[in-house]
Amino acid sequence: MEAMERLSKCVQERPAELKRLRDGGIKVIGIVGLGYVPEELIYASAAIPQRLIKGGQREAIDDSREYCHGSFSTFHKAQIGYLLSGKEPVYNSLDYLVVESGDWNSEMVGMYVYFYRKLPTTWLGVPGNPEFDGALSYYITGLGRLRDRLEELTGSKASEEKLREYITLYNEMRDLLKNISYLRKHPSPPIGGLDFIKLNHYSFYCEPHKYVDGLKSVYAELKGSEGEYPADAPRIAIFGCPIAQSDYVLPRLIEDAGGVIVTEELSGGIRHYEANTKVHGDMMGNLAHRYYLGRARDVYKYPWGDELPSMFTRLVDDYHVDGVIWYQLMYMVGNSMLGYVVSKRMKEKGIPMMTIQSEYDLQGRLESNKTRIETFIEVVKQYRKRR
Amino acid sequence: MDEYDELLKLCGFQPGEAREYKPTLKKGLDKLLVTQDDVKFAVKERLPKCWSLHLEGMRKILGCWLREYIRIAVPTPEETRICHTYFPQPGMAYLHPIKLADPTIQVSIPDFIASFVGAAFFNVGWKYVEAAEREGCAIEQIGCSLNKIRYGLHVLGIVPCVDASIGFHSLCDDAALSDQLIHEWDGTKIWTPYRVRDIPFDGDPFEEINIKYFAASLEDGHRKAEEWLGIEITPEHKNEAVELLVELSIKTFVPLLEFMKADPAPLNANDLAYALLPIAMAMDTGYDYTFKAHEILQQELRTMVDEGKGVVPKGTPRVSWRILHPWGCPWLVPMCHELGISADFEEGFLLGEMQLNKSMEIQMGATDLYVMMAQILAMVSVLGTSIEYMFRSHRDHIRDYKIDGLISTGYRPCRTLEGHSLILARMIEDRIGIPCITPDVDIYIDRGDFPKERMRTLLETFADVVKRSKVQRSEQG
């Protein structure tokens with residue numbers, strides 16, 4: 001796909017682009033977390049958001065060892081490695097850091113970076129009890145404080161007009177991602193999970209107008225195309241921990257083995273595209289509603305009740321999933337517990353599920369992982385036949 | 001006299017009292033998977049080596065804990081409903097009003113009690129932990145043993161479906177997450193009051209908006225308990241809980257802090273934790289035993305201090321455990337004594353001057369139970385979210401108790417308590433100049449998965465460094 005290839009270049013071009021912007025006096029704001037910081041707010045404040053989403057490399061884990069304990073979450077250790085080793089150009093280009101408080105791992109990344117790199121940092125309060133009356137207003141207050149800090153940093157006001165402009169643009173972005181994802185509901189999907197995840201990740205590296213234009217072309221190409229995957233390919237869902245940008249070993253192995261990834265829920269590892277932000281009324285309030293309450297529930301919002309586990313069963317139904325692979329990064333305990341609960345639900349539904357654990361070492365154990373996944377795909381085929 | 005009689009004797013029971021309690025004890029221990037061999041181990045080895053059993057007050061304090069442990073498995077006939085919370089919830093202030101509202105409700109912090117007694121006295125913590133690991137707490141993910149204990153108690157059927165588990169989330173993600181598994185397992189009703197951890201590295205942990213939210217969230221938890229348990233928590237119940245907290249502070253907590261400043265200290269770290277912590281616990285069996293035990297203990301300690309007696313010789317280098325000492329491995333304390341260091345101090349509970357004054361100010365001036373709890377939780381460094389504030393707390397503790405070295409138990413057992421440890425160790429080494437070490441040891445249970453001799457070698461080296469550092473600092477004045 002030509003349009004997809006064009007978008008893929010934004011990842012390589014990002015360091016140079018950030019340098020050019022910073023040379024022009026624009027501030028780059030790094031974001032650590034699961035997607036609770038509205039990028040629209042940062043753009044509206046005349047700064048550039050950079051979600052820190054890279055991963056998959058052992059070297060980053062090794063680099064983190066000087067600063068944090070080994071049994072810190074794999075994804076977050078990698079962020080510490082990239083942020084503190086000085087080897088990753090995008091991570092070196094930050095002027096400010098916004099850290100979501102809500103999951104302890106993200107909070108601690110902020111602490112380490114503030115201590116060792118002295119990077120100015122704000123922790124955005126994300127209450128973990130959304131059913132509590134005061135939770136939304138606490139989050140709104142936090143967003144307000146973040147806006148004040150950004151305005152102070154850039155000297156530019158995040159006006160209602162600017163907010164509306166970026167909210168509209170991001171709504172369009174999410175609609176396109178949703179439409180592309182929904183194409184995978186077809187018996188013979190025109191796009192698989194590996195490409196979809198990559199496409200989603202490009203959104204964190206691309207200027208949003210350019211990205212939306214690119215997505216439109218991708219959607220147009222896909223919409224009219226023949227299915228890329230045969231109708232009898234086992235339909236796989238990947239759930240679990242974040243698949244980071246460049247951590248593509250697992251989706252590649254699945255699709256190389258003859259499966260097609262038709263849906264994913266990766267705990268903030270990709271952009272949530274289901275819910276949009278209202279464009280009428282109070283923009284900050286609208287952002288708060290969408291980013292705090294409107295998005296998919298995550299593992300750190302208590303109590304889960306049935307809402308969180310049933311989200312997975314719903315995805316399985318909606319995308320006609322034949323088998324589930326749970327991607328478990330080491331030391332992400334909450335996801336591991338959720339994986340256990342989801343495995344019980346899948347068992348009840350008669351959907352086979354396998355867990356793949358990683359500390360960004362899948363590449364080093366490629367053959368054994370390949371065998372496991374090939375076997376799993378065969379098992380899924382058998383289940384499918386029986387059904 | 002069998003092992004059970006011996007156990008009751010070592011735990012300060014009078015002969016008549018012991019005779020009456022023994023059937024309950026046996027029934028409870030049986031249900032809690034404590035075998036006769038485990039009891040034998042406790043009375044012959046664990047208790048005499050690790051606690052100061054020559055002190056009657058100390059024996060009685062161990063008895064308070066034993067009673068609580070047994071109560072988890074053997075409720076009184078009147079107790080028809082159960083309300084739990086979990087560590088590091090300040091259970092006394094939170095659960096006591098519920099007990100006052102209806103004495104037929106059993107209140108407990110079962111993870112803590114089962115770790116404090118089951119793991120520490122009888123070394124059976126691993127039984128609960130392994131049950132949890134079979135049902136969703138993956139061993140390789142290295143989750144918190146304390147929360148595994150709580151979940152394991154449910155998996156094993158020792159604790160039934162709970163009517164209201166009002167936990168709380170401050171630093172600990174694992175606790176709230178484990179509650180989800182418990183709910184999935186047996187339908188226990190769970191609710192999670194929440195503290196938002198958005199205090200900056202060098203921020204004010206008492207930030208008003210944060211405290212207000214936490215306080216309102218704690219109040220919300222009580223409302224949920226009222227709904228689920230069919231009770232009404234009145235202002236009188238809350239006031240009584242505050243008054244009890246102040247009384248516990250004044251009569252049990254503060255005096256021990258003073259005694260521990262003596263050289264040599266009269267109690268070891270194991271003694272100290274068990275003597276201090278009723279203040280943080282919801283004692284379903286009540287607090288009378290605690291107060292009586294403290295009266296006796298404090299008289300004994302006064303005599304020891306006056307006579308210059310302690311658990312180590314005078315002048316022994318003093319080492320503190322950052323936040324908590326690993327009570328699940330209580331043998332570490334006598335091992336340190338053998339190596340010539342007095343690892344008898346816990347930064348998390350031996351408050352320095354700043355912390356103690358603040359704590360008393362909050363308690364004495366309390367007009368609202370929930371605001372008081374939120375402030376205390378924000379203050380105690382074990383839960384603090386401002387690392388600079390934690391550092392100041394460490395600094396005061398080190399100064400006030402004349403600490404020569406710091407041991408920070410590893411990240412493995414509790415990522416939330418120990419995640420800051422490398423940063424704080426570096427701050428302490430750089431700014432205060434005392435040595436710090438981070439051994440990989442579980443706080444809450446002894447799984448036996450690391451050799452004791454390896455730990456001895458590590459601590460031996462550390463002891464040498466501490467001794468040299470002490471000499472150097474004293475030469476430098």
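Trainee: Is Cys144(B) buried or exposed?

Mentor: This is a predicted model, in which local features need pLDDT of at least 70 and side-chain atom pairs count only at pLDDT 80 or more, whereas totals for chains, interfaces and linings use all residues. Residues are numbered from 1 along each chain as its sequence is written, chains are lettered from A and ligands numbered from 1 in the order written, and side-chain values use heavy atoms, without hydrogens and water. Buried means under 20% relative accessible area, exposed over 50% and partly exposed in between, with a 1.4 Å probe and protein chains only. Cys144(B) has a relative accessible area of 6%, so the residue is buried.

Trainee: Which cysteine sulfur is nearest to that of Cys10(A), and how far away is it?

Mentor: A disulfide is taken as a pair of cysteine sulfur atoms within 2.5 Å, and the structure holds zero of them over all chains. Cys10(A) is accordingly in no disulfide, and the nearest cysteine sulfur belongs to Cys206(A), at 3.6 Å.

Trainee: How are helix 8 and helix 9 of chain B oriented to each other, roughly parallel or roughly antiparallel?

Mentor: Helices (H or I, at least four residues) and strands (E, at least two) are DSSP runs numbered from the N terminus, and axes are lines fitted to C-alpha atoms, for helices over the stretch in contact, with angles from 0 to 180 degrees between N-to-C directions. The axes of helix 8 (residues 145-155) and helix 9 (residues 173-186) of chain B come within 9 Å and cross at roughly 10°. Angles under 35 degrees count as roughly parallel, over 145 as roughly antiparallel, 65 to 115 as roughly perpendicular and the rest as oblique. Helix 8 and helix 9 of chain B are therefore roughly parallel.

Trainee: What is the orientation of helix 8 and helix 9 of chain A to each other?

Mentor: The axes of helix 8 (residues 160-182) and helix 9 (residues 193-202) of chain A come within 11 Å and cross at roughly 175°. The two helices of chain A are therefore roughly antiparallel.
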